[in-house]
Amino acid sequence: MERLPPPLVDAVRYHYGWAGKDGGQAVGEPGGVGRRGLVLPLLCAGVDGGPVERGLAATVVGDLLVNASAIHDDVLDRDPVRRGRPALWAAYGTECALMVGDALTGLAFSLLGEQDHPRTRQALRTMSDGWSHLCAGQVRDTGQEGQPRTSPEQAVAVNEAKTARSLRGVFCLPVLFTDATSEQVAAVGRYGFHFGMAAQYHNDLTDVWPTLDRGRATGGDIRRRKMTPMVTVALASGHRDSEPLAAFYGGRGEVGEAEVAVVAGLIDRCGGRAWAIARNLEHMSLAAEHLREADPPPALYDDVLATGARYLA
């Protein structure tokens, strides 16, 4: 982080919870976004039986990208809180937050390009592909807000682009800097894709029905009338409650706490919640299958699955 110039590094330290605003007392939960989840791609660097440390630099690159996307996501969604403290845009302003996200992205590409390995160019292409799909997914996601005619297929495609395809790249990066075969890299990528889908369904569910204190406001997706897949499934269910649900998502104006609770109940009764839970479990099962195809050491396979399950608990 010290490679960033002074106008940015203070804001980065704030975002990561290493210091408070303008260098003051740190508040909230320390560490960047996805800190626990990024243990998974690092573990995958041992898929060929070698030491996972070979993938450390590429895992740091993944961390930078995940946090850059989270900073931009908070701006797009106007989420005021992240990890128990004001989100970066709320503390430092939208312009600063956008520039910090861009700077972290540039730093990620720089660090990856400096790696002396035969697969460095492949890694850069992989990262660029994942990042491009994430950006496209975010544009489609915001464009579908308040559009109750969005189909389940369109909503799922957004999740695939903004989360699953980007995480496929994040998971592949550490493995590319090992002696793993191309087939193993591809299998880990498929694991990352399906884990990303499971993680996004988990995120959609816990935004509405939190299981733990996430250090941020809940119900944000409902307040923004975001067309998550489970919402589109509920709207298309034909249940009698799908009509008031459609009226809400086609409406405008501020949404209060009481209305969030009412809409959550409508989604649940129309089958959206049960459908999303089933998809989460389905993708976790597919992720395990593809990880097995990478033929990792048995102990590593068990460790990756257990770590992933804890992350999505």
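**Close-up views of a predicted model**

View 1. As a reminder, a disulfide is a covalent bond joining the sulfur atoms of two cysteines.

View 2. Cys-135 is partly exposed, and its relative accessible area is 36%. To count as a disulfide, two cysteine sulfur atoms must lie within 2.5 Å, and by this rule the count comes to 0.

**View 3. Helices H3 and H7 pack against each other.** Two packed helices are described by the angle between their axes and the distance between those axes. Here H3 and helix H7 (residues 152-176) meet at an angle of about 160°, with axes 7 Å apart. That angle makes the two helices, H3 and H7, roughly antiparallel, and their crossing is right-handed. On the H3 side, the contact is made by Ala-58, Thr-59, Val-61 and Gly-62, while H7 brings Val-170, Leu-173 and Pro-174. Sorted by type, the residues of this contact are 5 nonpolar, 2 polar and no charged.

**View 4. Helix H1 and its cover.** Find H1 at residues 6-15, where Leu-8, Val-9, Ala-11, Val-12, Tyr-14 and His-15 are buried. What covers these buried residues includes helix H3 (56-77), strand S2 (85-86), helix H4 (88-92) and helix H5 (94-113). After H1 comes Gly-17, with a positive phi near 75°.

How values were computed. Residues numbered from 1 in each chain as written. Predicted model: local features only at pLDDT ≥ 70, side-chain atom pairs only at ≥ 80, totals over all residues. Heavy atoms only, no water. Buried < 20%, exposed > 50% of the residue type's maximum accessible area, 1.4 Å probe, protein only. Helix = DSSP H or I, 4+ residues; strand = E, 2+ residues; numbered from the N terminus. Contact = heavy atoms within 4.5 Å. Axes fitted to C-alpha atoms, helices over the stretch in contact; angles between N-to-C directions. Parallel < 35°, antiparallel > 145°, perpendicular 65-115°, else oblique. Left-handed = near helix turned anticlockwise from the far one by under 90°. Nonpolar A, V, L, I, M, F, W, Y, C, P; charged D, E, K, R; others polar.
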